[in-house]
Amino acid sequence: MAPTPNELPCQKTTLTDMRTSKVADVEVVLVTGGAGFVGSHTIIELLNVGYQVVVVDNCLTSKPPRKGETLPAVLRRVQDITGMNLDFHMVSLLDRQALRKVFLLYKVDVVIHFAALKAVGESVKRPLDYYHNNLTGTITLLQVMSEVGCKRLVFSSSSTVYGSAQYFPTDEEHGTGVGITNPYGRSKYVCEQIMKDLTVADKEWRVVLLRYFNPVGAHESGLIGDDPLGVPVNLMPYLAQCAVGRRDVVHVFGGDWDTPDGTCVRDYMHVVDLAKGHNAALAKVSDKKFTGAKAYNLGRGKGISVLEMISAFSKACGKEIPYKIVGRRRGDVRRTTCSGTLAEKELSWKSSRTVDDMCRDVWRWQSKNPNGYE
Ligand SMILES: NC(=O)c1ccc[n+]([C@@H]2O[C@H](COP(=O)([O-])OP(=O)(O)OC[C@H]3O[C@@H](n4cnc5c(N)ncnc54)[C@H](O)[C@@H]3O)[C@@H](O)[C@H]2O)c1
């Protein structure tokens, strides 16, 4: 029998600033997948504005804590950057009992749900793993949140829900679910549908669906950045690893797309801009006038090609990055470009960093940490 919120043994909701030892009443944000790329950058922004942060991550695709340590290296560095503490639980969303225990330990006010498998190409090869992790994990999370009465959620969705988009820049009016080219995108689409259904069934839920375009870049400190396990499947970490000599040549998937230079066009945005978008989304789900589930695109509204990005990164790191055009990758689409008008109007959010900022910050991160968090 699930306990009601009033029966929960809540941990006192306090936040300790390591620099000042100041303790203040704050909202508790539970972040799933917080040891990953977007999650870790977002936590910095959350801590900076005074939220208490609890992270749930099983380190499926990120580096786990070293032996004898309680935090993964990335989150230790987040603490160093912000001077603030956070709590980490190495728990899978698929482990209902362990997840419930975390919710019973804190009075969680709101959840940001990043945890997912995200590699488009891999999802074509391993659809069951993707559906199991992304859908079962999300359903379990929503069930546990319902049990404890925590009904505010910000969800990491993706531009892949638009499939092969019919017009550019693509806005939220564009249909979703039709023509999605891979299981990863379909898992995001189904998660969105589940959340919409939930808010229809129970009016207490308030959900913001953030449809990210292509986050790249790194924190300006150079202390944290994208450090995927194994061979990177995204362009920027691959480029960065080439630049430090860990990879020989960048594979460009397809040179015969219907785009100006034949390579795919993506709407790259700086991860710190994206991270700040989550604070805007938290404000939205905290607004008592807001109900239901609403989707917002987060992107820059400017498409650039893979070859243009290789050239911009080569300039930033001062080395020519060798590349080779190979066959198309299953699951890819020709082009994505975001209309961010709605987020600007209703969330007061707009990305400000340029492609050169993205490349400079990725290079700072990778050159300071050639082996990532190792
Ligand atoms: N990075 C992108 O290009 C991009 C674009 C659009 C949407 N998104 C979405 O944003 C979110 C974050 O992406 P990211 O780039 O930070 O990915 P990431 O792989 O760096 O981080 C995801 C984190 O989730 C954790 N995780 C996965 N399954 C889990 C589970 N069952 N239980 C607990 N933890 C689990 C992983 O260990 C990892 O630390 C994802 O949902 C992704 O689909 C990312």
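This report covers strand pairing, nonpolar cores and the ligand site of a predicted model.

## Basis

Local features need pLDDT of at least 70 and side-chain atom pairs count only at pLDDT 80 or more, while totals for chains, interfaces and linings use all residues. Numbering starts from 1 along each chain as its sequence is written, and side-chain values use heavy atoms, without hydrogens and water.

## Strand E6

Strand E6 spans residues 110–113. Strands are DSSP runs (E, at least two residues), and helices are too (H or I, at least four), numbered from the N terminus. Val 110 and Ile 112 point one way, Val 111 and His 113 the other. All are buried (under 20% relative accessible area, 1.4 Å probe, protein chains only).

E6 runs parallel to E3 (residues 28–32), joined by four bridges. Pairing requires at least two DSSP bridges. Val 29 stands opposite Val 110. E6 also pairs in the parallel sense with E7 (residues 152–158), over three bridges. There, Leu 153 is the bridge partner of Val 111.

## Nonpolar cores

The largest nonpolar core holds 46 residues. A core is a set of buried Ala, Val, Leu, Ile, Met, Phe, Trp, Tyr and Cys residues joined through side-chain atoms within 4.5 Å. Helix H8 (residues 271–286) gives the most to this core, seven residues. Apart from it lies another core of 28 residues, including Leu 135 and Leu 153.

## Ligand site

The ligand is surrounded by 27 residues, each with a heavy atom within 4 Å. E7 gives the most to this shell, three residues. A polar side-chain atom of Lys 118 lies 2.7 Å from a ligand oxygen atom.

Methods. Buried < 20%, exposed > 50% of the residue type's maximum accessible area, 1.4 Å probe, protein only. Polar contact = N/O pair within 3.5 Å; in protein donor to acceptor, adjacent residues only side chain to side chain.
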